[in-house]
Every structure is written in structure tokens, then in C-alpha cells.
Amino acid sequence: MTDPIRLADYTPPPYVIDHVSLDFQLDFEQTEVDSRLRLRRHPDALPGRELLLHGEDLSLLAIAIDGQPLAPAQYAVSAEGLRLIDPPAEFELHTRVRIHPARNTRLEGLYQSSAFLLTQCEAEGFRRITYFLDRPDVMARFTVRLEADQQQFPVLLSNGDDVAQGTLANGRHFVQWQDPWPKPSYLFAIAAGALGHIEDYFRTRSGRDVRLRIYAEPRALPRSWFALDALKRSMRWDEARYGLEYDLDQFNIVATYDFNMGAMENKSLNIFNAKAIVADLERATDADLTYVEAVVAHEYFHNWTGNRVTCRDWFQLSLKEGLTVYRDQEFSADQGSRAVKRIDDVRLLRANQFPEDSGPFAHPVRPSEYVEINNFYTATVYEKGAEIVRLYERVLGREGFRRGMDLYFQRHDGQAVTTDDFRAAMADANGVDLSRFSRWYEQAGTPILTVTEQFDSERGVLTVQFSQETPGTLGQADKLPVPIPIPIALYRQDGLRLPLQQRDVGPPLAGAMLVLTEASQTLQFDGLQEKPVLSVLHDFSAPVALRHRQSVAELSVRLGFEQDPFCRFEAAQNLGEHLIQSVYAGQALDAVSGLAEIGRAFKALCADAGLDPAVLAECLNLPDEAYLSERMQAIDPSRLFHARQAVATWLGQQLEGALLQHYHREAQSAGGGFDAPSTAARRIRHRALALLIAGDATRHGALASELAVTARNMTERLAALSLLVHFGLADQEAALAQFYQQYEDDPLLLDKWLSVQASSPQPDALSRVRALLKHPAYTHRNPNKVRALIGTFGRLNRLHFHAADGSGYALYADALQAVDALNPQVAARLSAAFNGWRRFEPLRQEAMRRTLQRLLQAGLSKDSAEIVTKALE
Ligand code: ARG
Ligand code: ZN
């Protein structure tokens, strides 16, 4: 495998590029890129004899320095790029290259999407467009001239402001763009072709009018107003919360159906997967709308956290991503229900990031080496990174955090910096020492926080011991303790919250919160008449795996009375886990200890009028298989699926009356818009219906058929369709056919149609997926389709992906290989599905290991090879 790039080897760039001037002659088949770079030797660089400019898959047509064409001895072209021999200390480099957008199946650099051309440059796509120092610490001012056939390419967009345009001979035209802000090449973008747009304005708090546009294929535009509104709300929010204002006169978004990821924050020209823009109640679910709102905010927020202040090198990726995810999470929390947002985020972290952190690809939030940087756009860098930023807020308070942000921008605007710089700003602005937080960035693995309690009933004293341990990961055997903020509360058996009377043991608590800094610390509380119920880690205050053994009785008290909604959810998860693990271990459900008590606790919960129905829905949503698997060894995925299903069946039967009541009571609100009460109504109804059908499909299946017909929005329609298909109910075929017929022309809804089938636990799932691979709605060339069918099958269909005969692995690996030949980045994501192989029972382990070896032998891209090789190590 290729040698890794190491953080320890970082050196400043050899040259600075002050100005870039690009001229594109655009065409789908062949585009020519003429470039003029003003280069000067970096003040700290050692004089070298050679300068390597990155470049991949470029045909060099012309090259000159300061107007003089170069002789063959003055440069060399290789697979890596263009080597200039003995360049002057300061010069203008002129190059002209040819590229082939229509043949670009990797969707990195310049490529075609239906009737337009667009770019994706992060992380290293710019080098597929022209020769450059393609690294984030080289920030340059860009001037871009786009020229093309006017009929074919009526719209010509790039970063900054359009400063000139005109028509030319032969039906051609041009637009010239100038971006006043220096930026790294990964933020460069163009989009050109047949695009329509919608438009609105935003007045900044200092009175500047910003023109906002969303560009897309004309049919997608009527469904893009929600996104445009989310953009305005994001702009307002960033001013109010952080005093951050937009810094140009226009802000443009382009939506495409062909995109490797969610979206990209190019300066003033964000490019989005249509999935993250095109959404309204009629054709998108509440989850989709929530996603659109979050991604629009995320990319907009990058304008300050990412663009104005960027990363020194790609090891610092979380500097911009962790911080920007934290910011979009906070924005979303302020739009709807903060509690529900937190629960959703924790579920996601546990399902995606925890397995990453305990598997062969475990890496620190600030990795110390990589082979392919595109493989490090991970849940760890993004979501765990956001949790670390949240830790700063947790210990500094919201105002202290704001002071840190202010200082960060004051110090680093216009610079390319590190996660250490960010931490220093947080610490210095508040006069505190945060040096130990560096461990959160440097150590891979999820810390395990163990809480043990001892109650002395004679003296009325509760002793609580907190200890932490981060498991060893590949190449990082020994870990140091990390600072963990732990809010603490005590409840009486009847639910009354007790005051904390701390004894003189261990550090004094500030604001009922311990910041655990050592491997182990002990606290004592007194004045207690009876053993209280202990509750820790409110709001999921740190990204740790909590081991806190509590009895069913204690968990039931917490489920009933916790004031913190996350903790109520957590108590429900713990009770659910207890039941599932007992059944998995072979017990009959009837014989599981505390069963009746658990039933009563859930019934009481359903009857709690003060509880947000959306939080109730999440309490009734049993822990995911992915999360449960994290806490098990030698997993039999089929046994686990059936154990979880058995508990769902029991819950559906126990709560039948209450669930029916919720289902019918919320019927009217569920027809409402995208507001918190209406989305909560849909959440509880669909959770209730799923449990009712799990409890008794013959009795309640008809409700799903009825919902499929009466659905007033896509959330209802899709909930009905998934239930019909996943429970194999009578109307499933008709419903699938009808859905297809109705939405045949909508790529995003066809993705859903594929996903519903790919995630079905019914026995015919694998043959369905096999047939769908050949369906006209499917193609390996489109990342959304690949993720919808293959990705969903590997991630969510644990029953059939892990089929005991290996048929799921085989189908998946074949598809992965075919995708890898076209688009390595997308294939590498699929490869991660095998990462957990060592946690399974021996037969599956062996089947997965053989599959990985077969893939490696077949020859994989650098992207996929890095993942597969690590998995086998
Ligand atoms: N910066 C983009 C975002 O999070 C994502 C870019 C992902 N790039 C990649 N090569 N996977 O907003
Ligand atoms: Zn981002």
C-alpha cells in the first residue's frame, strides 16, 4: 500500500501563491484550463532546487515562466504533478491543460451532471483541474474567466462577484468572477450549464443586502424554497449567536443529483447534493427536511469556520468540521426541540461513530497519519469532533465559549490554523488551562466511564466512584485520562429531586457537575434517608460509553421522573437493552427479571401528559442493533435481530391500548406542517404503529394500508410503505408498485423506494436487491443510488447482509468492486461495512475475512485498499 502522510512531517509550503488567474474554455468532452499563478518563495522555506505543483490526469498543452516557454530540461511531468527545476524566487507561471469532464466518473475535480458541469475540490480535487500547490495552507486570491457556448452553457458561475461578462463570436459568451477573499484551492468552484434558479434577499445586521440564489435543474426549483428559507434563518442565527455576518454581496447554491457526499462549502458558491436541498412536505420526510436544514446551515456556517479561518493541513480537518457540526447542531436545536435534536444526535453518534472508534479504522479526531485523506471525512472527525467542541462549551459555559470564539476570529481571521490554536483561544479568552483537552484530539477510542455506588444506610451516605479507561486501539496501546464533565443528580424513589449535599471527599462540585480528570475519583453525598437513585451524564455531556449498573427499579424511577429528557431516553434504552440481551442469551421473555415492572414503567411513561410526544417516541424506540453490537462479542446477528424483534412484539402488546390512543389522538396534528408539534405527532404515530404491528400484525396491519392511502405528506406515505414492506404485509407489492409509478421521475424518491426494499428483513430481501441492481432505476454511476441500495443493505439490513451462507457478503462485495472501478471515494465508504468483522461469531468472521481478502486480491483503488488493508491488519 502507498506510504502514509504524517502530521509529524508537516512543513510550511515552499512557495506562497498570491494570485491565481484561471481561464476556462468549457465543454463536456474536453475543457481547457489556462492558468497564471503569481508565486513567491515562502519566507520560512529552505531554498530547494525543485518545486512540485500537484496535478493529476492533466494533459499539459503549454508552459511558461514570466512569459518564456520552458525548455524540456526546466520541468518534468509525473503522475504526482509538475516539477519545476530551479524556479526563480518570484515568478509568474503560465500553464494550459486539457481535461475530460464527461469521462470523470470519480466526481472529483470538474465533472458532468446531466446538463451542466460542476466541480468538487475538497480535499484534493483542484489538482485534477490545473497544476497548483493544492494544500489548505496556500491561500490565494482567485480571478476566474469562464467561456463557453451560450446555448449549452447559459449559466456560468464561480466564487466571489461577477465583475464582467459579454457575448463573443460563434455563439460563445463569458463571465468573469473575482473573489476578494484569499482562499485555499479546496474552496474553489465553478458550475456551468443549463441551470434555473430561485432567488431571495437577506439584509445583514449592518444593512448590507445579499442576493441569495439556489440553482438547479428547473424541475427541482419549486421544491427548493424550504432550503432557501433555512439559509436565511442560518444567516440570522449566526449573527445573533456569534456576531458573524456574511461578507459578500451574493451567495449561491447549486444542487446536483450527482455528488459524492452531502454538500460543499466553496466560497459563496456552495454545491449541494440535491438530497440536501430539494425537499418539501409533499416529497420529503421530516427526517429529510431536518437534514436539509442542518446541511444548509452547516455549509453556510463554514463561511467563518472553515473559509475565513481554515485548516493548516488535513490532519486539522476537525478544526472546521467538528466546530461547524457543533454549530449546525446548535442551530437545529434552536429551530425545533432541543431535547429531540440531542437524542437524534446521540443515536447517530452511537450507531456510526462508536463502531468506528472500536474497529480497525479507529483514528483520533486529529489523526496523525493517512493514506487517502478522503477516507478521513468520518463520524469521528465530524461527530466526535463536534462533541469535543461541546465539551468546551460544557466547561466554559455559553458565554465563556462565545468569548473563546471571539478571540479565535480576532487572532486567526485569514489564517490556516490548527485544533491547538482553537483550544488556545478558548483557554486564553477565559484564563483557564485546557491543555488536557488535547488528549481528546490525540487519542482514538471511546472512553469507558464506569460508575459504581455504595450506600451506607446507617449514616445516610452515598459513595460514588467514577473511573475511566480508554481501550487500546491499533498503534495506540496506552491511553491517558481525558477530562469528562459529568453532571450529577439524585432522585428519591418517589421521583423527588434531592439537593446534593457533598461531603469533603474528592473535588468540590461546581454547578452539580464533576469534571473527571483522573483515572478514578470518588465523591460522597450525605443527609440521605434512603438509597437515592443516581443519575449522571445529563444531556450526554461527553462522548463516552457509560457503564453504570442500575436495577430495573432504579431505571424505572429514572424513566418516570428524570428532569433531563436525554436521561429519560437513556433509561428507556437501558431497560430495552436489558430485555434484548436477556432474550439473546436464551431466556424466555416471560422469565426475564423485572419484566412486569418494566411494563408498568413504560405504561406510566405513555400516560405522562407532560412528556413531548417526540421524546416519548424515542423512548419507545429500542436501541439499534449497531449500538447493541458495540457492547457484545461473538455476535450472532440473526439471533440479535430476533431478540430485538421479540422485545418489540412484547412492547407492542403490553402498550396496545396506549399506542392506539396516541395513534388516533395525534391523527389531526400529524397532517400539519414542519413545525415541532406536527413533526412530534408524526413521530409518535409512526413509532406507535410500528410497535402495534410488531405486537400483532393481523390486528393492526390494516392501519398501515390505510395510512398508505390517506397519507397527507411524504413522512406518512413512507412510514406506511416501510411498515408494509418490512412486515411483509398483504398490500406491500401494490404499495411498492404504486409508489414507483407515482414518483418514477423523482430521483430522490426512487432512492427511498430502493432503500425501503434494501433494508427489509423479509426472507426475499436478498433476491429483491439482486433484481434491483438490474432495474432501470439503479446505476453504479450515481452515488445516491449506490448508497440507497448497496449502502443501505450493508448498514441497515443486518439480517441479510450477514446471512449465514455468506450470500449477502458476496452480493455486496461484487457491487463494491464494480463501484470501485468507477468511483473510489464512494466505494471506500462501502468497504467500511466489513470493519466490525472481528466482533462476530466464528463462521461469519471467517466469511467476512475471506471476502475482504478476495477484494484486496482483485485489486482495489487506493481509497478502498486503505480501508480493507486496515480491516485485515
Ligand atoms: N467540507 C464538506 C462538508 O462537510 C465535505 C467535503 C467532503 N469531502 C470529501 N472528500 N469527502 O461540509
Ligand atoms: Zn463541513
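At what angle do helix H24 and helix H26 pack, and how far apart are their axes? Helix H24 (residues 824-831) and helix H26 (residues 862-872) pack at about 15°, with their axes 7 Å apart. The model is predicted: local features need pLDDT of at least 70, side-chain atom pairs count only at pLDDT 80 or more, and totals for chains, interfaces and linings use all residues. Residues are numbered from 1 along each chain as its sequence is written, while chains are lettered from A and ligands numbered from 1 in the order in which they are written. Helices (H or I, at least four residues) and strands (E, at least two) are DSSP runs numbered from the N terminus.

**Helix packing**

- Axes are lines fitted to C-alpha atoms, for helices over the stretch in contact, and angles run from 0 to 180 degrees between N-to-C directions.
- H24 and H26 are therefore roughly parallel to each other, given that angles under 35 degrees count as roughly parallel, over 145 as roughly antiparallel, 65 to 115 as roughly perpendicular and the rest as oblique.
- The crossing of H24 and H26 is right-handed; a crossing is right-handed if the near helix is turned clockwise from the far one by less than a right angle, and left-handed if anticlockwise.
- On the H24 side, Pro824, Gln825, Ala827, Ala828 and Ser831 meet Lys862, Asp863, Ser864, Ile867 and Val868 of H26, contact being defined by C-beta atoms, placed from the backbone, that lie within 7 Å.
- The contact of H24 with H26 has five nonpolar, three polar and two charged residues; Ala, Val, Leu, Ile, Met, Phe, Trp, Tyr, Cys and Pro count as nonpolar, Asp, Glu, Lys and Arg as charged, and the others, Gly among them, as polar.
- Helix H4 (residues 338-358) and helix H5 (residues 379-412) cross at roughly 120°, and their axes come within 10 Å.
- H4 and H5 are therefore oblique to each other, and their crossing is left-handed.
- H4 contributes Leu348, Leu349, Asn352, Gln353, Glu356 and Asp357 to this contact, and H5 contributes Ala379, Thr380, Glu383, Lys384 and Glu387.
- By class, the contact of H4 with H5 has three nonpolar, three polar and five charged residues.

- The residues around ligand 1 are Glu122, Ala123, Met261, Ala263, Met264, Glu265, His298, Glu299, Glu321, Asn374 and Tyr377, where a residue is near a molecule if its C-beta atom, placed from the backbone, lies within 6 Å of it.
- Strand S20 (263-264) and helix H2 (286-301) are the elements that give two or more residues to this shell.
- The shell has five nonpolar, two polar and four charged residues.

**Backbone features**

- Most residues other than glycine have a negative phi, and most peptide bonds are trans.
- The peptide bond from Glu122 to Ala123 is cis, with omega near 0°, and Ala123 lies in the loop between strand S11 (116-120) and strand S12 (139-149).
- Asp66, although not a glycine, has a positive phi of about 45°; Asp66 is in the loop between strand S5 (59-65) and strand S6 (68-69).

**Annotated domain**

- UniProt (unreviewed entry) lists "domain: Peptidase M1 alanyl aminopeptidase Ig-like fold" at residues 445-547; its positions are given in the numbering used here, feature names are shortened, and annotations may be inferred rather than shown by experiment.
- Residues 445-547 are 0% helix and 44% strand, with the end C-alpha atoms 15 Å apart.

Note on methods
Two residues are in contact if their C-beta atoms, placed from the backbone, lie within 7 Å.
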